[in-house]
Amino acid sequence: MARENVLDQTRENLVDYFVAHGHKSFRATQLMQWIYHKLQLKFDAYSNMSAALRVELAERFEIRVPEILSVHESRDGTVKWLMQAFSGDHIETVLIPDRHRQTLCISSQLGCVLDCTFCATGKQGFNGNLSVGEIVGQAVQAALWLQEHRPDDRISNIVFMGMGEPLLNYDTAMKATQIFRDDLGFGLSRRRVTISTAGVVPAILDMCGRTTIALAVSLHAPNDEVRNELVPLNRKYPIASLLAACREYLSSQDVKAIITFEYALIRGVNDSPTLARELARLLRDFRCKVNLIPFNPFPGSGYRRPSESRIRAFQQILMDRGVMAMTRTTRGDDIDAACGQLVGRVADRTKRAERYRRGENPIFVPVETIPTTSLAG
């Protein structure tokens with residue numbers, strides 16, 4: 001019988017297992033404390049469990065995490081890990097330090113199906129979804145690395161902003177967020193776990209009433225004409241339907257909740273004062289903030305970063321019109337760990353990467369066939 005990965009299990013799953021097999025429910029508490037609080041991944045070290053129970057656990061379960069293949073540290077303290085998923089594909093995970101915060105940027109898929117034009121991840125293609133254990137395992141590996149190399153630091157925030165579209169791996173991503181937020185898991189508050197999406201509208205609507213985690217939306221343009229070119233998913237879920245879903249999500253949260261709109265500023269594409277004013281009109285009555293992200297170049301993108309004065313002018317137009325706007329400091333660009341630069345290595349079943357190498361401009365699939373959601377997990 002194949003053993004299950006404990007990191008795939010929520011607290012409720014583990015309680016059900018122990019009770020069903022004649023054990024007290026508190027064994028689930030002990031097990032999670034050993035894994036997530038003490039970062040002990042060997043069953044035989046669990047001294048508050050009997051030898052017989054440790055043997056049973058080892059027979060039925062494993063504690064499996066993605067293997068770290070390499071580690072790169074930036075001059076600004078950012079850390080990027082190349083990890084091997086259980087399929088053999090490679091994914092990237094990034095830790096971004098900022099004063100008292102340690103934000104972990106995790107991947108949710110092997111590559112990405114969406115192929116946004118400004119993102120390096122999409123150019124390598126797509127080879128499937130990560131499991132709960134592979135998502136949670138990235139955080140476990142990062143915590144173990146911090147314990148050894150920066151013992152005074154702890155993961156304070158987790159953002160699904162690495163490789164992949166988390167809402168096309170929906171149920172798996174939601175289950176992982178439960179473990180990140182569980183007091184017996186990573187114990188993060190709802191505002192310290194963020195799902196970032198390019199705009200999978202049905203999944204955003206399904207999140208209403210199901211979770212209270214923070215939501216970030218990759219907007220990147222104030223109108224459909226520009227966004228269709230940057231974010232192909234917009235052809236299926238245009239801006240009006242996306243913003244309607246975001247309003248619905250806000251209405252399901254408390255009054256302090258906001259939506260973060262990510263906006264990658266690309267020279268000569270979406271950084272004009274005219275588009276800044278249009279964005280301000282679009283968002284002026286929205287409970288939100290805008291993260292302006294100066295474009296991070298990668299080979300073959302064809303895009304350039306705006307000047308600092310252009311970035312500041314765009315931000316000022318938004319702020320003058322009552323839209324909270326911040327410019328994200330580029331971190332880790334010297335190790336290709338900045339936003340939009342993560343690539344890993346996947347067995348691209350779309351053949352998209354090969355076509356890019358030949359100088360073509362491939363489309364993975366007609367946008368109409370992109371799954372409505374991945375609610376089945």
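Accessible areas were computed by the Shrake-Rupley method with a 1.4 Å probe, and for residues only the protein chains shown count as cover. On this basis the protein exposes about 16,400 Å², of which carbon and sulfur atoms supply 48%. The structure is a predicted model, in which local features require pLDDT of at least 70 and side-chain atom pairs count only at pLDDT 80 or more, whereas totals for chains, interfaces and linings use all residues. Residues are numbered from 1 along each chain as its sequence is written, and side-chain values use heavy atoms, with hydrogens and water left out.

The protein has 12 helices and 14 strands, these being DSSP runs numbered from the N terminus (H or I of at least four residues for helices, E of at least two for strands). Of the 377 residues in the protein, 55% are buried, where buried means under 20% relative accessible area, exposed means over 50%, and partly exposed lies in between (1.4 Å probe, protein chains only). Among contacts (heavy atoms within 4.5 Å) with a separation of 6 or more, 68% are accounted for by residues 24 or more positions apart.

Side chains of opposite charge can pair when their charged atoms come close. With a salt bridge taken as a side-chain nitrogen of Lys or Arg within 4 Å of a carboxyl oxygen of Asp or Glu, the count comes to 11 salt bridges. One of them joins Glu 73 to Arg 150, with the closest N and O atoms 3.2 Å apart. This pair links distant parts of the chain, 77 residues apart, since Glu 73 lies in strand E3 (residues 67-73) and Arg 150 in the loop between helix H5 (132-149) and strand E9 (157-160). Glu 73 is partly exposed, at a relative accessible area of 48%, while Arg 150 counts as buried at 17%.

A salt bridge is also formed by Asp 271 and Arg 310, at an N to O distance of 3.1 Å. Here, too, distant parts of the chain are linked: Asp 271 is in the loop between strand E12 (259-265) and helix H10 (273-283), and Arg 310, 39 residues apart from it, is in helix H11 (residues 308-320). Asp 271 is buried, with a relative accessible area of 4%, whereas Arg 310 is partly exposed at 34%. Asp 171, Asp 206 and Arg 210 are linked in a network of salt bridges, in which the closest N and O atoms of Arg 210 and Asp 206 are 3.5 Å apart. Both of these residues count as partly exposed, Arg 210 at 42% and Asp 206 at 31%.

Helix H5 packs against helix H6 (residues 170-181) at an angle of about 40°, with the axes 9 Å apart; axes are lines fitted to C-alpha atoms, for helices over the stretch in contact, and angles run from 0 to 180 degrees between N-to-C directions. The contact is made by Val 132, Ile 135, Val 136 and Ala 139 of H5 and by Thr 172, Lys 175, Ala 176, Ile 179 and Phe 180 of H6.

Phe 261, found in strand E12, is buried, with a relative accessible area of 1%. Not counting residues up to four places away in sequence, Phe 261 touches Val 217, Leu 219, Leu 243, Cys 246, Leu 283, Phe 286, Cys 288, Lys 289, Val 290 and Asn 291. The C-alpha atoms of Phe 261 and Ala 325 are 9.4 Å apart in space, the two residues being 64 residues apart in sequence.
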